[in-house]
Amino acid sequence: TPRALTDEEAQAIVKDFAAAAKRSIAAGFDGIELHGANGYLINQFLVPQANQRGPESRYSGESIETRARFLLEVVDACVAEIGADRVGIRLSPFVTYNAAFWEDPVRDVAYVATELAKRKIVFVHIERRDLMNPADTRDVTSEFKKHFSGLIISNIKFDREEAEKYIDEGHADAIAFGVPFMYNPDLVRRFVENRPERNPQPENPLASAYGDMSKPRVEYNDHPFLE
C-alpha cells in the first residue's frame, strides 16, 4: 500500500541526493540538474495533491514553506557536497502531467525562487507553461526572474524565432528544447541553416513523439535527417 515517506526516510534520501551529486562530479560531469518537475519526488513534496502530510511532519503539505523544505534541504546538501556553482534545478509550476501543478504558482514561485537565490545555485530550468494544455498560455518565467538572480533556462513550446526574441527581451538566459529534438535529430543544423522543423509543436506532442502503443511505434531514431 502506498504511503508517505516518514521524516526520517526523507532525510535519508536528502543524503542520497548529495551522494549522487558527489559521484556525478567524480565521474566527470561539470554539474547536476536536480529534477523537481513533472511529478518526480521533489515535485511530490511541493504540491498538496501529493503531499498530504499533517502539521506533525516537518514536510507538511499545509504551506509552501513546509512543502518546499525537502527541495531546499536537497539543494543545501548538494551545494555542501559539490558547490553552488555546480547545482541547478528543473521546476514545473503549471504542468498538469502527473498532477505536478503547484497550488498557487505565482505565490509559491516567489517563495521558492527567493530561497534558491539565497543559495546562489547556478541556474533554474523552468517549464514555463503546461505542455499538456496548449490553451493555457500563462508563462511563469518572469516570476522566477523577479526573485532569482542566477541563470534562467526556459522550456516548453519554443520555436527558433520565439527563443531568440525571448532571450533578446531578457525573459531568460537560455532556452532548452525537448520535443523538437524528438522529431528533428538535426535540430541544431536546421536552426543554423534556417531550415523548417518537422512536425513543430504538435497538439499532443508527447503522444506523437512516444507513439501510439496500439500501432507500430515511431522511435526517436526513425525520424529522418536533412539530406
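1. Helices here are DSSP runs of at least four residues, numbered from the N terminus. The model is predicted. In helix H6, Lys146 and Glu143 are 3 residues apart, which puts about one helical turn between them. They form a salt bridge, with the closest N and O atoms 3.0 Å apart. Lys146 is exposed at 58% relative accessible area. Glu143 is buried at 14%.

2. S3 and S4 (residues 151–155) pair in the parallel sense over 5 bridges. Ile126 has Ser154 of S4 as its bridge partner.

3. On the other pairing, S2 (residues 87–91) runs parallel to S3 over 4 bridges. Arg90 stands opposite His125 in S3. The chain passes from S2 through helix H5 (residues 105–119) to S3, and this β-α-β crossover is right-handed.

4. How many residues of S3 (residues 123–127) are buried? The count is 5 of 5. In a regular strand, side chains alternate between the two faces of the sheet. Both faces of S3 are covered: Phe123, His125 and Glu127 are buried on one side, Val124 and Ile126 on the other.

5. The structure holds 21 salt bridges. One of them joins Arg3 to Glu9, with the closest N and O atoms 2.8 Å apart. Arg3 is exposed at 58% relative accessible area, while Glu9 is partly exposed at 28%. Arg190 bridges to Asp186, again with a closest N and O separation of 2.8 Å. Both Arg190 and Asp186 are buried.

6. Salt bridges also link Arg67, Glu103, Arg107 and Asp108 in a network.

Key: Residues numbered from 1 in each chain as written. Predicted model: local features only at pLDDT ≥ 70, side-chain atom pairs only at ≥ 80, totals over all residues. Heavy atoms only, no water. Buried < 20%, exposed > 50% of the residue type's maximum accessible area, 1.4 Å probe, protein only. Helix = DSSP H or I, 4+ residues; strand = E, 2+ residues; numbered from the N terminus. Pairing = 2+ DSSP bridges. Right-handed = clockwise from strand over helix to strand, strands pointing away. Salt bridge = Lys/Arg side-chain N within 4 Å of Asp/Glu carboxyl O.
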